[in-house]
Amino acid sequence: MSRKFLLLAGVVLAGKAAADAPNVAVDIAPVHALVAQVMNGVAEPSLIIPPGASPHDHAMRPSEARALQSADVVFWVGPELTPWMTGPLGALSEGATQVELLEVAGTVRHDFRDLADHHEGEEEHADHDDHSDHDDHADHAEHDDHAGHDEHADHDAHEKHEEHADHDAHDDDHGHDHDGVDPHAWLDPENARVWVQAIAKTLSEKDPDNAARYQANADKAVEGLSALEAEIRADLAQSELRFVTFHDAYQYFERRFDLASSGTVSLGDASAPGPARLAELKARIAEEGIDCAFSEPQYDTRLISAATEGMDVQILLLDPIGVALEPGPTLYPDLLRAMAASFQACSGNS
């Protein structure tokens, strides 16, 4: 059998696998990276929320709405992160499957905290329940009785979603509910390991012909995630950091790697703070001798500057969503490594 024939046969089989694979849509770039790892060699998932947009209040472009509407499988963190997705997901086509990752069995979950009100530091690590037992949530029921989806189809006015450009006009966190589960769970690599197995299971049930490949990819991803965690733990060993962040998105990373924030400008959903909150944070920064304040690339840096004005505090960047990274299978490890590097820069160990 000629080499040319074997190559041609391989191309045909790869094309058939991609043609038979389900259409998969994913909410945010870090989760998209995990799904892309599991689907490697089969097909590519669609990303609904671009990295530069805020997942809390994104307005979909027409192309993103079409990708969601045509999906056979949707992986999303859950309504705690993207409450606006509930409507579109309720109108998925008959037979489509959605997996809410915060509800996957074995997921480590932490409740929202407010470091401005609960100045507990490291004690919070011992006081919060992980809520890690979620039985039978790996696959959500299929949506059988939904009408056609016609909302969110025309958002031409939102060519680029520019969120939170000016926080000064808002009052203290009005209109937001900060109770319940903190949705930033992807920042714990233990959750990533749990999720890639759940992703492989869901895809294998939807696409049995590629089940062996999905599972092999998931097993490889788990190995890589375990190595990544060990690498970051070694990098951050002996780091005694005193820091504040723009919004409280990092407790999953902090708890996994034994870090503790002293405060935040905003709460977990990045809602706008008022003058009283900024004044309290400014006083805490001065009192505790904070080393670093972490801003975020998609939010207004003036608030961090205001909170640290007149103090010897290094302003650095933390990116929980991957704004500066190229979407794809490597985004997740790149994201966590970049976060670890930022903490190292704060400690002076980089």
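Colleague: Starting with Val74, which residue in E4 is its bridge partner?
Modeller: The bridge partner of Val74 in E4 is Gln98. Strands (E, at least two residues) and helices (H or I, at least four) are DSSP runs numbered from the N terminus. This is a predicted model, with residues numbered from 1 along each chain as its sequence is written. Local features need pLDDT of at least 70, side-chain atom pairs count only at pLDDT 80 or more, totals for chains, interfaces and linings use all residues, and side-chain values use heavy atoms, with hydrogens and water left out.

Colleague: How many bridges join E3 to E4?
Modeller: Strand E3, residues 73–76, is joined to E4 by four bridges, and the two run parallel. Strands count as paired if DSSP finds at least two bridges between them.

Colleague: And what is the strand order in that sheet?
Modeller: The order is E2-E1-E3-E4, four strands in an open sheet with parallel pairing. The edges are taken by strand E2 (46–47) and strand E4 (97–100); each has a single partner strand, so one side of each has no neighbour in the sheet.

Colleague: Which strands does H2 touch?
Modeller: Helix H2, residues 29–38, packs on the sheet and touches strand E1 (24–26), E2 and E3. Its direction makes about 150° with that of E1. Contact means heavy atoms within 4.5 Å. Angles run from 0 to 180 degrees between N-to-C directions, and axes are lines fitted to C-alpha atoms, for helices over the stretch in contact.

Colleague: Where does H6 lie?
Modeller: Helix H6 (residues 189–206) lies across E1, E3 and E4. H6 runs at about 170° to E3.

Colleague: New topic. What about the sheet with E5 in it?
Modeller: That is an open sheet of four strands, ordered E6-E5-E7-E8, and its pairing is parallel. Strand E6 (264–266) and strand E8 (314–317) are the edge strands, each pairing on one side only. On average, neighbouring strands here are turned by 20° against each other, direction ignored.

Colleague: How many bridges do E5 and E6 pair over?
Modeller: Two bridges, in the parallel sense, with strand E5 covering residues 243–247. His247 stands opposite Ser266 in E6.

Colleague: Which helices pack on this one?
Modeller: Helix H9 (residues 275–288) touches E5 and E6, its direction making about 170° with that of E6. H11 also packs on the sheet, touching E5, strand E7 (292–295) and E8, at about 170° to the direction of E8.

Colleague: At what angle do H7 and H11 pack?
Modeller: About 5°, with the axes of helix H7 (residues 211–236) and helix H11 (residues 331–347) 10 Å apart. The contact includes Leu225, Leu228 and Ile232 of H7, and Leu336, Ala340 and Phe343 of H11.

Colleague: How many disulfides in the whole structure?
Modeller: One, from a search of the whole structure. Cys292 and Cys346 form it, with sulfur atoms 2.1 Å apart; a disulfide is a pair of cysteine sulfur atoms within 2.5 Å. The torsion about their S-S bond is about 110°, so the disulfide is right-handed. Cys292 is in strand E7 and Cys346 in helix H11, so the pair ties together parts 54 residues apart in sequence.

Colleague: Where does pLDDT stay under 50?
Modeller: Over residues 5–16, which have one contact beyond four places in sequence, and over residues 132–177, which have 111 such contacts. The chain's mean pLDDT (the predictor's confidence in each residue, from 0 to 100) is 79, and 73% of its residues reach 70 or more. Where pLDDT is low, the predicted coordinates should not be read in detail.
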